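Have the model open while you read.

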Amino acid sequence: MENAALELLRTTFGHPGFRGEQAEIVACVAGGNDALVLMPTGGGKSLCYQLPALLRDGSGIVVSPLIALMQDQVEALRQLGVRAACLNSSLDAGAAAEVERDLLAGDLDLLYVAPERLLTGRFLHLLERAHAGHGIALFAIDEAHCVSQWGHDFRPEYRQLTILHERWPDVPRIALTATADAPTRREIAERLALEDARRFVSSFDRPNIRYRVVQKDGNGSRALLDFIAGHKGESGIVYAFSRKRVEKVAEQLQLAGIDALPYHAGMPNEQRAANQRRFLQADGVVMVATIAFGMGIDKPDVRFVAHVDLPKSIEGYYQETGRAGRDGEPAEAWLSYGLGDVVNLRQLINQGEAGEERKQLEVRKLDALLGYCESTDCRRQALLGWFGEAHEGHCGNCDNCIDPPESWDGTEAARKALSCVYRSGQRFGAGHLIDILRGVATDKVQRFGHEQLSTWGIGADLDVRQWSGVFRQLVAAGLLEADVDRHNALRLTALATPVLRGERTLRFRKEAPRSTRRRERAGA
Ligand code: ADP
Ligand code: ZN
């Protein structure tokens with residue numbers, strides 16, 4: 001079997017050898033066993049079901065959530081001479097009937113199908129006949145994290161996929177995903193009845209990606225332009241928080257002479273598809289997008305992924321940045337964030353419709369991400385740690401490893417900031433609080449008589465940027481929270497008390513001076 005697999009890998013797919021755990025996974029499934037595969041984006045998951053489907057009798061059925069992804073895969077397989085087809089809503093009745101005939105005639109090696117289509121009575125009946133006839137080689141469940149309600153790609157139909165196992169227990173199943181922290185992993189196994197499946201957990205490390213986090217100045221476009229200047233003529237993706245931001249950032253980049261295109265769910269379909277095509281086919285296009293863009297995009301030479309706004313979770317962040325450098329060449333993952341992002345996301349969670357339990361989970365995920373952003377330690381260690389993977393020593397390829405940040409004892413500054421919040425009545429945002437601390441007599445300060453406060457001018461030793469950093473880190477650490485209904489006025493949380501009482505010390509990351517423009521290239 002192993003020789004047959006290797007032979008097929010070479011002759012049909014043109015690869016000299018297996019990568020990572022591919023060989024073991026192929027052997028497992030080809031041998032009729034179930035498998036649960038966790039592999040980072042670009043790791044080579046497709047071969048893990050394509051090869052066993054070719055090695056076993058009958059057709060392999062692949063459940064895939066995205067039509068565009070299916071079509072790309074089928075196209076690529078056909079070019080290799082593999083008999084592949086897909087069934088989804090984009091086919092007309094005649095074309096669909098032809099695919100069904102091919103399946104029953106045993107003329108298909110692989111059939112890709114959308115979950116909602118698979119679950120129809122008509123399709124299940126078709127499978128029954130195929131199983132009784134030429135046989136079903138395997139069921140592959142791609143993007144298996146869609147079964148998890150906590151993930152960002154929840155697809156309710158995925159929950160019903162256990163029907164495959166119930167109806168055809170003799171057909172091996174393989175579930176694959178690139179996104180799964182420990183709880184999601186458990187949920188996948190449980191929801192898909194794969195508790196007994198062999199698990200293959202690849203290293204999630206992407207050593208060629210350099211991680212970097214910077215503080216946002218204003219809306220972050222200056223820093224972004226500086227960053228992209230270091231990637232002239234290269235393809236990249238810029239993720240932004242909302243459709244409006246996408247439009248705006250794309251425009252700013254275009255004005256700066258960058259070949260940038262927008263992509264978000266609010267655009268007309270043709271326009272979106274056209275932009276995607278250009279990104280995939282042309283060199284050096286920068287796609288500015290919401291997270292609607294990317295799942296299943298297989299462009300190997302994306303040299304950078306930039307986030308101009310804070311993503312929602314480490315998991316999402318890792319998946320998005322994983323689209324950089326799939327060819328193994330040096331690539332960069334760059335993230336800029338500021339106090340506004342923290343406030344925005346906290347607000348989004350609070351105002352959401354989700355139940356209390358879910359909100360708490362989202363808060364924990366956000367906190368983990370903030371911890372990552374503010375960390376002075378190796379970024380890679382932090383990211384991999386989130387996926388339960390240890391990384392030996394420092395990576396040497398992230399901003400904190402390359403240029404270790406200084407930290408400082410921020411206990412006193414924090415105490416000044418917190419008491420300023422308290423003395424001014426917990427009614428003001430960071431900008432005004434900084435004016436009070438630095439003793440800047442603005443109109444607003446005078447109107448409220450804030451020159452009279454005991455905290456007036458006690459922070460003249462730090463500049464605006466440093467104070468912004470203090471407030472941001474206090475919000476990130478949960479000592480302050482922003483009141484959305486009152487123009488993001490900051491107020492104390494219970495966590496602030498030990499600091500005010502002198503029972504707790506704090507260390508802060510030193511803000512990089514604004515003038516430093518690091519333009520070293522990834523891997524340079
Ligand atoms: P994933 O689905 O895990 O994101 P893919 O299956 O799309 O990854 O594979 C990513 C890229 O790696 C593809 O271009 C694929 O051709 C290539 N690839 C996969 N396995 C191998 C291998 N054993 N040798 C060489 N290239 C491979
Ligand atoms: Zn590092």
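## Where α2 meets α3

On the α2 side of this contact you'll find Gln22, Ile25, Val26, Val29 and Ala30, and they meet Leu47, Cys48, Tyr49, Leu51, Pro52 and Leu55 in α3. Sorted by class, the contact of α2 with α3 comes to ten nonpolar residues, one polar and no charged ones. Keep in mind that this is a predicted model.

## How α2 and α3 are set

Two packed helices are described by the angle between their axes and the distance between the axes. Here, α2 covers residues 22-30 and α3 covers residues 46-55, and the two pack at an angle of about 40° with their axes 9 Å apart. That angle makes α2 oblique to α3, because angles under 35 degrees count as roughly parallel and those from 65 to 115 as roughly perpendicular. As for handedness, α2 and α3 make a right-handed crossing.

## The α19 and α21 pair

The crossing of α19 past α21 is right-handed.

Which residues in α19 and α21 meet? From α19 come Ala430, Ile434 and Leu437, and from α21 come Val464, Trp467, Ser468 and Phe471. Split by class, the contact of α19 with α21 has six nonpolar residues, one polar and no charged ones.

Notes
Residues numbered from 1 in each chain as written. Chains lettered and ligands numbered in written order. Predicted model: local features only at pLDDT ≥ 70, side-chain atom pairs only at ≥ 80, totals over all residues. Axes fitted to C-alpha atoms, helices over the stretch in contact; angles between N-to-C directions. Helix = DSSP H or I, 4+ residues; strand = E, 2+ residues; numbered from the N terminus. Parallel < 35°, antiparallel > 145°, perpendicular 65-115°, else oblique. Left-handed = near helix turned anticlockwise from the far one by under 90°. Contact = placed C-beta atoms within 7 Å. Nonpolar A, V, L, I, M, F, W, Y, C, P; charged D, E, K, R; others polar.
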